[in-house]
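I set out to read one structure and to record what I looked up. The entries below are kept in the order in which I consulted the parts.

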Amino acid sequence: MSVLTRDEAQTRAQLLDVHRYTIELDLTTGDETFDSRTVVRFTTRADHADTDTFVEIKPAELRSVTLDGQPLDPETLDGNRLPLKNLTAGEHELRVEAAMRYSRTGEGMHRFTDPTDGETYVYTQLFMDDVQRVFAAFDQPDLKAVFDLSVRAPEGWTVLANGITEQLGDGHWRAATTPLISTYLVAVAAGPWHSVRTEHRGLPFGLHCRRSLAPHLDQDADELIEVTRACFDRYHEKFDEPYPFDSYDQAFVPEFNAGAMENPGLVTFRDEFVYRSAVTDTERQTRAMVIAHEMAHMWFGDLVTLRWWDDIWLNESFAEYMGYQTCAEATRFTDTWTDFGVARKAWGYDADQRPSTHPVAPEAVDDTAAALLNFDGISYAKGASALRQLVAWLGEKDFLAGINTHFARHKFANATLADFIDSLAANTERDVHAWADTWLRTTGVDTLTPAVTPGENGTYNLTVDRAGSRPHRIAVGLYDQDLGDNEGHLALRARLDLDVPHTDPQPIGKRPALLLLNDGDLTYAKVRFDPESFETVRKGLAGLPDPLTRAVVWNALRDAVRDGELAATAYLEAARTHLPHETDLALVQGVLAFATAQIAPRYLTPEERPAALATLSALCRDLIRRTEDGDNPGLRLIAVRHFIDVAAHPDTIAAWLADGTVPGGPELDPELRWRVLGRLAVLGAVDEAAIAAELERDPSATGQEGAARCRAALPDEEAKARAWAAMFATDDSTDLSNYLFTATAQGFWQPEQADLVRQYVPRYYADAVAVAARRGPAIADAAGRWAFPAHAVDADTLRLGEDCLRDGEPIPALRRKLVDQLDDLARALRVREG
């Protein structure tokens, strides 16, 4: 299949104006394929007459094609391109009839049968270039059109789409005509949905999930609707342009690859957001932020759409920034920036220090395959951080004025970075063009290091060394020991605004116990401590009064470990000392996640791992004891989860499973039961019979994934061979879905089983290349992310990976993942070597 290049898209945009698609889908033709009939009405511009172009489609069978009533030969289809030759100036009508394949990888039209009740659901994910899997299209974002969609579905199904849908009888449904939108934003979701419907500001709102999740959606429906309404209202306060579509449906769909997708009027979410088991308030906050993020896209991305994929940041960075900011302003989740700081920002920092880094706004993205790789921590977290810095520098009033100018100039059309900067410049005297060049066109993370020097009369001065090239507007926190407090708390003396770089030393008065750069986390940079401040952090981190301040400190410690400047064991000691006193759930979760997923299995040697697990187990025990009174169930849940994950001996968690509860709570819900069983499988304390019994108890889709994860984790040669074959065998009829592939991969590699799986490390590279080439980008991403032998931190794994990159010809999606994994592996080796 050919990917679309930027040059080809520009040429086609100069040639054509696309007006309307009329699409008929028949979902009643069987389990493998559906029928697709498309009529495209477009115009060839007079100055480009007698020119050739093409339309894209990826059919199982291309049945017929007519252009202006004249048949075209279906055999001329070349991969995914159907040539249209010698187009005359004026209007044209293209008709295409085809059978299209359902997907099991979350791309195109994904089909899922719920193992709980046997009900089937389908939904589209047409992002980037997957519309071709569903209907014929001129598939690029700047050829917007209106869409008329009709669907024939099995009896008892409901069909959802971008506009309000109407049931016509005999399984036929018709959606309202859309405004001008891009092809990748067309959406359909069909099945026997359970729906919760309401209205807000005269528009129909809906929540939808599969029937087996109905009780769980109903339980959270009030919260979901409240968050949706609050964000909707807040965006109408921020934006002059009203919501541009006729309805707002949110469908929670199975086996979804992303967190969510901003289809106009029909946002699709992964249905893990319909919680079957207990979750923390931070997880609920994350769900609320995703709702706010996707709603922001109705303006950023859907109303005004990027012209080409080099401006992905115009979609994702804005939605990320607006999602966190609006959630903090409009919902009960007022501390979202703390979670951003400790979770999302680290994603951006890590991505920006790898060889695969790229500018937030790259100069050019050559084709769609390259564009797909840029949906990463840079386009999301770094871009959102840059916008937060822009607001700090520009002021929110001028920032919002620029946004509203942008909407007014480009609504229902396409825009570029230059267009956006011009809109900002129209509303401020600041040089936003220079800001964009330094922040959006460059790569890497600046590092800010303070120097505190004596001044006059017992006072001190601050200078800041900047390793990097960007200007930063930051706050500097000056903290003193709280002399009236025996708990070691630190008191904020002052928070100074500072522009970096700066030339003159900044007076700071008496020497603070802690001087913290980027207090409030308004810029994107790594920060370091002067020696006295580090000593204060080591002893008194938990005594800092604000969780966002503590997030900045924890990020600085994390960065220092990854850069080899702080021993991994020192990070564990800080966690052991301070987490028992931490009150913010996002911080506890973030620190434990880094310690359990990176420090214990990767940055420490196998010989050091048992001591690390013992430290983490003791820490989790402390948190469990601290929450025995039941007043912080979220903290207790985090502690229980991580205690299970780091258990070195089976006795305690096996007793929990047998009793169905942790003493003092919580009871083991499905998520915790599978978590315990997974760890027991790693430790060799369960067998296939126990896994099968648990699956009979929980036969849901999540249960199927849990069983796959547990079976792959068993320390048994036959179990490992079966799991490997399930992931990488070449029998299309038994291919795992995207979620079952991921679950199997998550179970397969375990640090405790390094000797058992050693033979699979060299096999991984060739098998991953083959499965990625056969099954496409979604499975390539899963194979590179989850099936990579991340535990094997040694020179041989690195050498084999480098050989694969040089000689193995991985497809772009897998190549990018391997580049990142190998860089992380090399970093872990450097940290180990000290």
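The entries that follow go from the basis of the reading to helices, cores, strands and single residues.

**Entry 1. Basis**

I am working with a predicted model, in which local features need pLDDT of at least 70, side-chain atom pairs count only at pLDDT 80 or more, and totals for chains, interfaces and linings use all residues. Residues are numbered from 1 along each chain as its sequence is written, and side-chain values use heavy atoms, with hydrogens and water left out.

**Entry 2. Helix 26**

I looked up helix 26 (residues 795–807), which has 13 residues; helices here are DSSP runs of H or I of at least four residues, and strands are runs of E of at least two, numbered from the N terminus. From first C-alpha to last, helix 26 reaches 18 Å, close to the 18 Å expected at 1.5 Å a residue. The expected span is 1.5 Å times one less than the number of residues.

Which residues of helix 26 are buried? I noted Thr797, Leu798, Gly801, Cys804 and Leu805, where buried means under 20% relative accessible area, exposed over 50% and partly exposed in between, with a 1.4 Å probe and protein chains only. These buried residues fall within an arc of 125° seen down the axis of helix 26, so they line one face of the helix; the arc is that of the directions from the helix axis to the C-beta atoms. An α-helix has 3.6 residues a turn, so residues three or four places apart point the same way. On the other side of helix 26, I found Ala795, Arg806 and Asp807 exposed.

The cover over the buried residues of helix 26 includes helix 24 (760–775) and helix 27 (812–833). At the start of helix 26, a side-chain oxygen of Asp794 comes to within 3.1 Å of the backbone nitrogen of Asp796. After helix 26 comes Glu809, with a positive phi near 55°.

**Entry 3. Cys804, within helix 26**

I then took Cys804, which is found in helix 26. Cys804 is buried, with a relative accessible area of 7%. Neighbours within four places in sequence aside, Cys804 is in contact (heavy atoms within 4.5 Å) with Tyr765, Val769, Glu809, Pro810 and Leu818.

**Entry 4. Helix 25**

In helix 25 (residues 777–785), I recorded Ala778, Ile779, Ala780, Ala782, Ala783 and Gly784 as buried. Helix 22 (738–748), helix 24 and helix 27 are included in what covers them.

**Entry 5. Nonpolar cores**

Which members of the largest nonpolar core touch the most other members? Of its 126 residues, they are Trp554, Leu557 and Tyr764. A nonpolar core is a set of buried Ala, Val, Leu, Ile, Met, Phe, Trp, Tyr and Cys residues joined through side-chain atoms within 4.5 Å. Helix 14 (residues 585–603) gives the most to this core, with eleven residues. Another core lies apart from it and has 125 residues, including Ile57, Leu87, Ala98 and Met298.

Residues up to four places away in sequence not counted, Tyr764 touches Trp724, Phe728, Trp749, Ala783, Gly784, Ala787, Phe788, Pro789, Leu814 and Leu818.

**Entry 6. Strand pairing**

I found strand 2 (residues 33–44) and strand 7 (residues 90–101) paired in the antiparallel sense over twelve bridges; two strands pair if DSSP finds at least two bridges between them. Ser36 has Ala98 of strand 7 as its bridge partner. Strand 4 (residues 61–67) also pairs with strand 7 in the antiparallel sense, over six bridges, and Val65 stands opposite Val96 in strand 7.

I next traced an open sheet of five strands, in the order 15-16-17-19-18 and with mixed pairing. Strand 15 (194–200) and strand 18 (260–261) stand at the edges with a single partner strand each, so one side of each is left without a neighbour in the sheet. Strand 17 (residues 248–253) and strand 19 (residues 266–270) pair in the parallel sense over five bridges, and Val253 has Arg270 of strand 19 as its bridge partner.

**Entry 7. Arg111**

Is Arg111 buried or exposed? Arg111 lies in strand 8 (residues 108–113) and counts as buried, at 17% relative accessibility. Its side chain makes a polar contact with the side chain of Asp31 (2.9 Å). A polar contact is a pair of N or O atoms within 3.5 Å; within protein, one must be able to donate a hydrogen and the other to accept it, and residues adjacent in sequence count only if both atoms are side-chain atoms.

**Entry 8. Gly341**

Last, I placed Gly341 in helix 5 (residues 336–352). At 0% relative accessibility, Gly341 counts as buried.
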